Amino acid sequence: MAGVLRTAALMALVQRVCAIAVVGYVPDYRFNSIDWRKAVARTTHLILFSVEPKVDGLQNLDTIRGILRPQSALSVALEQAGADAPKVLVSVGGAGRSADFGQVLGSKKSRKRLAKQLLSLLQELPQLSGLDFDVEVQNPDWLNLAKLVLMLRTAIGSRGGEMPVMTMTFHALSAAMKGFAPLTLKPQDSEEKRFVDLFDMCHAMTYTVMDQQGRHASEKMDTDVVEAWAKLGLPAERLTLGIPLFAVKNGAVPATYQEIVTQEPSIISSGQERTKEGFFFVNAASAAKKVQLAEERGIAGLMIWELGQDVLEDHGNILREVWNAAKNKGFLHRLLGFSFKEVSLLRSATAWRNVPSPHFSDPSLSIGRSAEASSPC
């Protein structure tokens with residue numbers, strides 16, 4: 001009987017952490033036009049983009065406060081979703097919003113000030129479940145980002161028994177993985193932590209580079225990233241792969257998926273991945289295949305940039321296809337009721353349970369580099 005109860009408790013916890021993550025970004029310039037009800041219903045994590053770290057403090061805080069005010073469209077959608085609501089994060093930095101990020105990270109004093117501001121924001125807005133870090137600068141300072149995140153984790157401790165979610169983004173197949181893979185930090189009175197273990201998910205922006213055929217976020221790019229990640233000895237359950245909701249063409253300004261569908265409605269059902277004008281995009285079938293790849297390779301899931309670029313109607317809506325595929329999952333889940341990835345996620349979900357009580361401190365850090373990490377293929 002005790003064994004049955006333990007198994008039931010294990011499976012109950014697995015069900016809370018096992019879903020293929022569907023992470024959707026919503027930039028603030030979409031806040032007034034997006035269908036929040038659908039966004040809430042079809043994601044496991046919503047990331048609000050973004051607050052900007054500046055030398056003199058965080059900017060854009062009022063915009064984030066506004067979208068989470070009582071009776072806002074997002075707040076109403078979250079309340080109606082109840083226990084099924086996604087976790088809501090706020091992004092820190094991002095493209096066009098990282099000019100001072102490196103300078104802020106580079107100073108212990110400014111890191112501590114930023115940590116205090118972010119901690120205050122989490123306490124002020126209980127709807128927020130965590131933070132996403134998007135250091136969009138050349139040669140990101142991964143070490144000092146790790147110091148900031150460790151400072152936050154130590155300070156926050158447990159919020160009602162549930163640790164905040166921490167995620168980060170990186171440019172896929174760049175020097176990024178080689179830069180952060182060997183980093184380790186040792187908090188005071190605690191065991192050594194790898195850089196990636198400070199984050200619940202690391203989002204690979206597979207759509208920021210085009211291949212020789214003018215494609216972004218291609219199937220080969222996905223598999224190359226997963227294999228490079230594994231070769232570096234990084235945990236699969238921390239990785240997500242990016243899905244772009246925009247189309248690209250060499251020498252042209254990218255177009256949103258909604259824009260190309262408006263101009264060429266037949267592409268929804270054609271199965272094609274290029275428009276007549278030569279723009280490449282990830283179609284619904286390809287997006288659903290990425291969910292299958294996530295299941296097969298045991299990675300955390302998919303990250304989407306950005307939900308406001310999708311078509312509004314359900315017919316042809318990429319997010320809807322990704323969500324349906326994620327709900328159905330893959331072969332292992334249908335056969336066993338759970339996958340081996342889910343067991344790994346369960347183990348990682350308990351990794352941060354033994355943390356200090358909530359307080360703000362500046363932990364003493366011992367920084368090292370693992371000599372065992374190999375180079376990506």
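These legends describe close-up views of a predicted model.

The model is predicted, so local features need pLDDT of at least 70, side-chain atom pairs count only at pLDDT 80 or more, and totals for chains, interfaces and linings use all residues. Residues are numbered from 1 along each chain as its sequence is written, and side-chain values use heavy atoms, with hydrogens and water left out.

View 1. Helices (H or I, at least four residues) and strands (E, at least two) are DSSP runs, numbered from the N terminus. Of the 377 residues, 53% count as buried. Buried means under 20% relative accessible area, exposed over 50%, and partly exposed in between (1.4 Å probe, protein chains only). Take the contacts between residues at least 6 apart in sequence: 76% of them join residues at least 24 apart. Contact means heavy atoms within 4.5 Å.

**View 2. Helix α9 meets helix α12.** Helix α9 spans residues 219-231 and helix α12 spans residues 284-297. Their axes come within 11 Å and cross at roughly 20 degrees. Axes are lines fitted to C-alpha atoms, for helices over the stretch in contact, and angles run from 0 to 180 degrees between N-to-C directions. The two helices are therefore roughly parallel to each other. Angles under 35 degrees count as roughly parallel, over 145 as roughly antiparallel, 65 to 115 as roughly perpendicular and the rest as oblique. The crossing of α9 and α12 is right-handed. A crossing is right-handed if the near helix is turned clockwise from the far one by less than a right angle, and left-handed if anticlockwise. From α9 come D222, T223, V226 and E227; from α12 come K290, L293 and R297. By class, this contact has two nonpolar, one polar and four charged residues. Ala, Val, Leu, Ile, Met, Phe, Trp, Tyr, Cys and Pro count as nonpolar, Asp, Glu, Lys and Arg as charged, and the others, Gly among them, as polar.

**View 3. Helix α12 also packs with helix α13 (residues 318-328).** The angle is about 30 degrees, and the axes are 9 Å apart. That makes α12 roughly parallel to α13. Their crossing is right-handed. A284, A287, A288 and V291 of α12 make the contact with I318, E321, V322, A325 and A326 of α13. Eight of these residues are nonpolar, none is polar and one is charged.

**View 4. Strand β13 (residues 301-305) is mostly covered.** Five of its five residues are buried. Strand β1 (residues 21-27) runs parallel to β13, joined by four bridges. A21 stands opposite G301 of β13. Strand β10 (residues 239-244) also runs parallel to β13, through five bridges. There, L241 has L302 as its bridge partner. Two strands pair if DSSP finds at least two bridges between them.

**View 5. Strand β10 is covered on both faces.** L239, L241 and I243 lie on one side, with T240, G242 and P244 on the other. Six of the six residues are buried, so β10 is largely enclosed by the rest of the structure. Strand β9 (residues 201-205) pairs with β10 in the parallel sense over three bridges. H203 has T240 of β10 as its bridge partner.

**View 6. Two peptide bonds are cis: F49 to S50 and W305 to E306.** Omega is about -10 degrees between F49 and S50. S50 lies in strand β2 (residues 45-54). Omega is near -20 degrees from W305 to E306. E306 is found in the loop between β13 and α13.
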